[in-house]
Amino acid sequence: MDPDQDHMQTLRKLLEDQLLGVLGTHSEGGPYTSLVGFAATPDLKQLLFATGRSTRKIANLVADARASLLVDSRTNRASDFTDSAAATAVGVVEEIGDDERADLEDLFLAKHPQLESFLRSPSCKFLRLRVSVYMVVTQFQHVIELHIDP
């Protein structure tokens, strides 16, 4: 298997297996991170998440839509230094329009059925990170960039 395919397989497994990621936004005050439940589209071009309309992350994203999402496989054991993997997705966040919402909601809820009432509440925004690049880290220090075609 070629190295890029191996890393794509690692990336796909991370995005399928993990329920939570760390969303990174920023404002004039500095960086800000939050845990979010997420789901990836099959082509890995979009990471979907939901959040309350009045959160700090929304205020940050309104000011600057650039963001990152970190997903990792750590288990909080010493073996994580050699065995875990992490991927950082970098891109731009936007609200999902009504024309796509139903299909993308189904994809998100297949992974997070417990969030259905939250996702469908008027106080919730359903968003996507349009990924331009993934940085995949394995074996603690082996890093590869996987660029996503628009």
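Lysine 111 touches Leu15, Glu16, Gln18, Leu19, Phe38 and Ala39, leaving aside residues up to four places away in sequence; a contact here means heavy atoms within 4.5 Å. This is a predicted model, where local features need pLDDT of at least 70 and side-chain atom pairs count only at pLDDT 80 or more, while totals for chains, interfaces and linings use all residues. Residues are numbered from 1 along each chain as its sequence is written, and side-chain values use heavy atoms, with hydrogens and water left out.

So where does lysine 111 sit? You'll find lysine 111 in helix α4, residues 98-111. Helices (H or I, at least four residues) and strands (E, at least two) are DSSP runs, numbered from the N terminus. Lysine 111 is buried but has no salt bridge. Buried means under 20% relative accessible area, exposed means over 50%, and partly exposed is in between (1.4 Å probe, protein chains only). A salt bridge is a side-chain nitrogen of Lys or Arg within 4 Å of a carboxyl oxygen of Asp or Glu. For lysine 111, the nearest side chain of opposite charge is aspartate 17, and that is 7.8 Å away. When charges are counted, Lys and Arg are positive, Asp and Glu are negative, and His and the chain ends are not counted.

**Salt bridges**

How many salt bridges does the structure hold? The count is 11. Here are three of them.

| Pair | N to O distance |
|---|---|
| Arginine 53 and glutamate 95 | 3.8 Å |
| Glutamate 100 and arginine 128 | 2.7 Å |
| Arginine 101 and glutamate 105 | 2.6 Å |

Take arginine 53 and glutamate 95, whose side chains meet in a salt bridge. The pair links distant parts of the chain, with arginine 53 in the loop between β3 and α2 and glutamate 95 in strand β5, 42 residues apart. Arginine 53 is partly exposed, at a relative accessible area of 40%, and glutamate 95 also counts as partly exposed, at 36%.

Next come glutamate 100 and arginine 128, another salt bridge. Glutamate 100 lies in helix α4 and arginine 128 in strand β6, so this pair ties together parts that are 28 residues apart in sequence. Is glutamate 100 buried or partly exposed? Glutamate 100 is partly exposed, with a relative accessible area of 28%, whereas arginine 128 is buried at 2%.

Arginine 101 and glutamate 105 are both buried.

**An aromatic pair**

How many aromatic pairs does a search of the whole structure find? The search finds 1. Phenylalanine 108 and phenylalanine 126 form that pair, edge-to-face, at 5.6 Å centre to centre and with 65° between the planes. Phenylalanine 108 lies in helix α4 and phenylalanine 126 in strand β6, so the pair ties together parts that are 18 residues apart in sequence. Both phenylalanine 108 and phenylalanine 126 are buried. As for the rules, rings of Phe, Tyr and Trp (its six-membered ring) pair if their centres lie within 6.5 Å; planes under 30 degrees apart count as stacked, over 60 as edge-to-face and the rest as tilted.

**Strands side by side**

Two strands pair if DSSP finds at least two bridges between them. β4 and β5 run antiparallel, joined by 7 bridges, and valine 71 stands opposite alanine 87 in β5. β5 and β6 also pair in the antiparallel sense, over 11 bridges. Glutamate 94 has arginine 128 in β6 as its bridge partner.

Then there's β6 (residues 124-138) with β7 (residues 142-147), an antiparallel pairing over 6 bridges. Valine 137 stands opposite valine 143 in β7. β6 and β7 form a hairpin with 3 residues between them, and glutamine 139 in the turn has a positive phi of about 50°.

**Helix α2 and its two faces**

In helix α2 (residues 56-63), the buried residues are Lys57, Ile58, Asn60 and Leu61. Seen down the axis of α2, its buried residues fall within an arc of 160°, so they line one face of the helix. That arc is taken from the directions from the helix axis to the C-beta atoms. The face turned away from the buried side carries the exposed residues Arg56, Val62 and Ala63. What covers the buried residues of α2 includes β1, β2, β3, β4, β5 and β6.
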